[in-house]
Amino acid sequence: MSEKTDNTAYWNANISLLWKLLIVWFIVSYGCGILFVEALNNISIGGYPLGFWFAQQGAIYTFVVLIFFYVFKMNALDKEHGVAEE
Amino acid sequence: MELQYLIYLFVGLSFVLYIGIAIWSKASTTGEFYVAGGGVHPIANGMATAADWMSAASFISMAGLIAFMGYEGGMYLMGWTGGYVLLALLLAPYLRKFGKFTVPEFIGDRYYSTTARVVAVICLIFISFTYVAGQMRGVGIVFSRILEVDILVGLGIGMSIVFLYAVLGGMKGVTYTQVAQYVVLIFAYTVPAIFIALQFTGNPLPQIALGSEMADGSGYLLQTLDKVLVDIGIKEYTEPFNNKSMIDVFAITIALMVGTAGLPHVIVRFFTVPKVRDARMSAGWALVFIALLYTTAPAVGALSIMNLVNTVNGKDGSGTEYTQMPSWFKTWEKSGLIAWYDHNGDGKLQYAGGKALVGKPKFDGESRGSHGERKVVNPNPKAAPVGNAKYANELYVDRDIMVLANPEIAQLPNWVIALVAAGGIAAALSTAAGLLLVISAGISHDLLKGTFAPGISEKQELLAGRIAAAVAVCVAGYLGANPPAFVAQVVAFAFGLAASSLFPVIIMGIFSTRMNREGAIAGMLVGLTFTMGYILYFKGIFITPMAPNTPDNWLLGISPEGIGSIGMLLNFGTAFVVSRITKAPPAEIQHMVEDIRIPKGAGGATH
């Protein structure tokens, strides 16, 4: 495979990963934290109404996990497509 | 030891540390001055990014905002952390691969246009000065109260410290100072939070304590708080959209997230790591360090409002006599950030829903009322009992004091109070330094070296950078002495402007090979003009507002704080349309875009 087409494949794989992660990012913060907060507040975990928990705690934890998942996946992609740094 | 001496000691020691680091890490090349030589470890860089970015607003104001807003405080929490996902996924690795010194430099090269670069510098300078004004106001608040000096003297001390490590050490000095400042500020933030969480719930982890049961067995903390607030005529703490509509919360969260990802002093921090891989990792670490404070803040907010209500209204809820109020109340009253007007004339303080005063307190000089309180001349005539409250609200509390006063309200040991003082100062100084540095780099590297005097030597450029930093410190000091509005509000504007101007052009520069010079410039100008215009129209910074700042007047019900999200959309839209009706960018630019998408071959930062 030529370098050019491999770079295209790498970029497409990257974009598809980005979309997946950004969808999770959106659902957790804007979805659970804002749009559906009232419905989720009917459920409680411990003393937290669930929607309130997402808005003030849960979204942040998810963001951290998302970034490290991305780092892990991208490092693998870099290697797989031979574009990793020395 | 007495509190005041402990504060001098803690704050003094932290200053010695910062200055020592500045001397140790003095920058001698432009590479060290702009990007710390490009060799910062991702974890250290994450810490520096966290300190750079967690400003006086995060440290001093945010928990206070949450305390008075309840659920809606979540928009700050999500907004100011969610942006790091965008940074890590969409910006940091590519800008690192690009491998230059500044954000305008990327925009200038990518859009093959000096005009685009200059427009970007103007955006950057505008954003940074707006933001730094808030920081300097933070420095002023902390110093005047904590060191008990005049606000101008306090500002002068703060400016000198920042001057020393930003001008001398450049990015290298700032980076390592910020690592130290992060440690100081996170320690200062979490220690009192743990103490207070223990007091209320017996659980030391603030993140868990907020969802735990009260130590006195009165049920879950949040439910107790909801009830306590409803009893005094304030809406439930956990109930969404009490003060703001859903669309406004949505728009503000977008503006804050995208703004975070577009703030030049944050972006530039990813130029300082050795590799593309490190830039991704570094964004992750930055968010971990930020999350430590941000997941603690909701507990601090909730516990501080609970503490305040309990202390003021007393055990039986009938109020506390002014003469019986603890000393923190009187010190803050002296600084004008707390005021009491005895609406029902019983000599007791009561806190409830509604406003005690019309606007901010206006004091009758230093004259005292019959109970010894500072006389306020602007009581709210409508401060009658609200809803099912037993009495009118008599208390004015500035939100900015909640974090600083909290340890005193909770009667924590003096060293904790001193620690919080040092932390607040560290937060404000680290962000101010980061901002001053991007301003200085914008002027010396982008305007001077990149545009008006390309022939200058590295030595001359370095000198120009230091002079620019020095001038910027002075301007920042002036803005701190004459702040346009209160801390968090000013900072929200900087985010709106970053969201509507810089973020879209950087994203399009990476993800679209078709985006051209004309599109980018038009997009930036439209986004910036719209957002600034909207904010000035309703808020009237430096001018008189042209319309009352009320939801009825807002576009789609979006407040000036959230309008950056619309500005961002306008930027994207304009850029798309203009780029499609003008010529595609030259082939070498399209190759450059393809090249920055591939991590391989990222060298050190060059100019």
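**Chain A against chain B, and the cavities**

Across the interface of chain A and chain B there is 1 salt bridge, taking that to be a side-chain nitrogen of Lys or Arg within 4 Å of a carboxyl oxygen of Asp or Glu. This is a predicted model, in which local features need pLDDT of at least 70 and side-chain atom pairs count only at pLDDT 80 or more, while totals for chains, interfaces and linings use all residues. Residues are numbered from 1 along each chain as its sequence is written, chains are lettered from A in the order in which they are written, and side-chain values use heavy atoms, with hydrogens and water left out.

The salt bridge pairs Asp78(A) with Arg280(B), and the closest N and O atoms are 2.9 Å apart.

On the side of chain A that touches chain B, H3(A) gives the most, with 18 residues; helices (H or I, at least four residues) are DSSP runs, numbered from the N terminus. By class, that side has 30 nonpolar, 11 polar and 5 charged residues. Nonpolar means Ala, Val, Leu, Ile, Met, Phe, Trp, Tyr, Cys and Pro; charged means Asp, Glu, Lys and Arg; the others, Gly among them, are polar.

The contact (heavy atoms within 4.5 Å) takes 46 residues from chain A and 54 from chain B. The two chains bury about 4,400 Å² between them, 71% of it on carbon and sulfur atoms. Buried area is the accessible area (1.4 Å probe) that two parts lose on being put together, summed over both.

Now the cavities. On a 1 Å grid over the protein atoms alone, a cavity is a set of points where a 1.4 Å probe fits but cannot get out, and lining residues have an atom within 4 Å of a point. There are 5 cavities of 30 Å³ or more.

The largest has a volume of about 80 Å³, and H8(B) supplies the largest share of its lining, 5 residues. That lining divides into 10 nonpolar, 1 polar and no charged residues.

The second largest cavity, about 50 Å³, has a lining of 1 nonpolar, 1 polar and 4 charged residues. Among its lining residues are Asp78(A) and Arg277(B). Asp78(A) is also the residue in the salt bridge with Arg280(B).

Methods: On a 1 Å grid over the protein atoms alone, a cavity is a set of points where a 1.4 Å probe fits but cannot get out, and a pocket is an open set with protein on both sides within 12 Å along at least five of seven lines; lining residues have an atom within 4 Å of a point. Grid points are joined across faces, edges and corners, and a volume is the space filled by probe spheres set on the points. Helices (H or I, at least four residues) and strands (E, at least two) are DSSP runs, numbered from the N terminus.
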